[in-house]
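Here is a briefing on one protein chain. Please look over the sequence and the model before reading on.

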Amino acid sequence: MVTGDMRRLLLHGSADESFDRSVRFAGRLAHEFNADLHVVYVIEEPIGAGWTAEMPASRLPELHAGMEEEARERLGRLLPAELQERITIAIRTGETSAELVRYTAENTVDLAIVQGADEHSRAFIEKGRCSVLILRP
């Protein structure tokens, strides 16, 4: 087993198919480093998603719980059982890059794993306090 300073890994959550490859890769890293894996989903515009038209704001915690359950089921299909207890799923609301960088600071993340060289990876490089691994989509 490899040991080192990679105790907390962050993976930006996504609904697309390429996310499954990223999950498997992050899972292998988490296993090798005996690290915790934080999967962070960011909702940029909850009002734009139409939620408030169908549900009062007081019920948004229920929606977040449903999203977390769905994410946990998906991760459960992709990652080995022994890693499941080391996964933290977080759902944030706000501008994606800012929320991801903020999460890494609040949770002392050692490595952020992002897909593609986009504004999120640039935000980590410019404002983040952790290492960044950019995966090809």
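Residues are numbered from 1 along each chain as its sequence is written, and side-chain values use heavy atoms, with hydrogens and water left out.

**Confidence**

- The chain averages a pLDDT of 85, where pLDDT is the predictor's confidence in each residue, from 0 to 100.
- A score of at least 70 is reached by 88% of the residues.
- Among the elements of the chain, β1 has the highest mean pLDDT, 95.
- Helix α2 (residues 51–54) has the lowest, 54.
- Where pLDDT is low, the predicted coordinates should not be read in detail.

**Elements and order**

- The chain has six helices and five strands. These are DSSP runs, numbered from the N terminus: helices are H or I with at least four residues, strands are E with at least two.
- From the N terminus on, the order is β-α-β-α-α-α-β-α-β-α-β.
- Of the 137 residues, 40% count as buried. Buried means under 20% relative accessible area, exposed over 50%, and partly exposed in between, with a 1.4 Å probe and protein chains only.

**Strand pairing**

- Two strands pair if DSSP finds at least two bridges between them.
- β1 (residues 8–12) pairs in the parallel sense with β2 (residues 36–43) over five bridges. Leu9 has Leu37 of β2 as its bridge partner.
- β1 also pairs with β4 (residues 111–115), again parallel, over three bridges. Here Leu11 stands opposite Ile113.
- β4 and β5 (residues 131–135) run parallel and are joined by five bridges. Ile113 stands opposite Leu133 in β5.
- The chain crosses from β4 through helix α6 (residues 119–127) to β5, and this β-α-β crossover is right-handed.
- Right-handed has a set meaning: with the strands pointing away from the viewer, the path from the first strand over the helix to the second runs clockwise.
- β4 is mostly covered, with four of its five residues buried.

**Largest pocket**

- The largest pocket holds about 160 Å³ of space.
- A pocket is an open set of points on a 1 Å grid over the protein atoms alone, where a 1.4 Å probe fits, with protein on both sides within 12 Å along at least five of seven lines. Lining residues have an atom within 4 Å of a point.
- Grid points are joined across faces, edges and corners, and the volume is the space filled by probe spheres set on the points.
- The lining is made of Ser14, Ala15, Tyr41, Met67, Glu70, Ala71 and Arg74.
- Helix α3 (residues 60–78) gives the most to this lining, with four residues.
- By class, the lining has four nonpolar, one polar and two charged residues. Ala, Val, Leu, Ile, Met, Phe, Trp, Tyr, Cys and Pro count as nonpolar, Asp, Glu, Lys and Arg as charged, and the others, Gly among them, as polar.

**Single residues**

- Ile43 lies in strand β2. Ile43 is buried, at a relative accessible area of 9%.
- Ile43 and His64 are 21 residues apart in sequence and 10.0 Å apart in space, C-alpha to C-alpha.
- Most residues other than glycine have a negative phi.
- Asn34 has a positive phi, near 55°. Asn34 sits in the loop between α1 and β2 and is partly exposed at 32% relative accessibility.
- Thr108 also has a positive phi, near 50°. Thr108 sits in the loop between α5 (96–106) and β4 and is partly exposed at 49% relative accessibility.

Definitions and conventions. Predicted model: local features only at pLDDT ≥ 70, side-chain atom pairs only at ≥ 80, totals over all residues.
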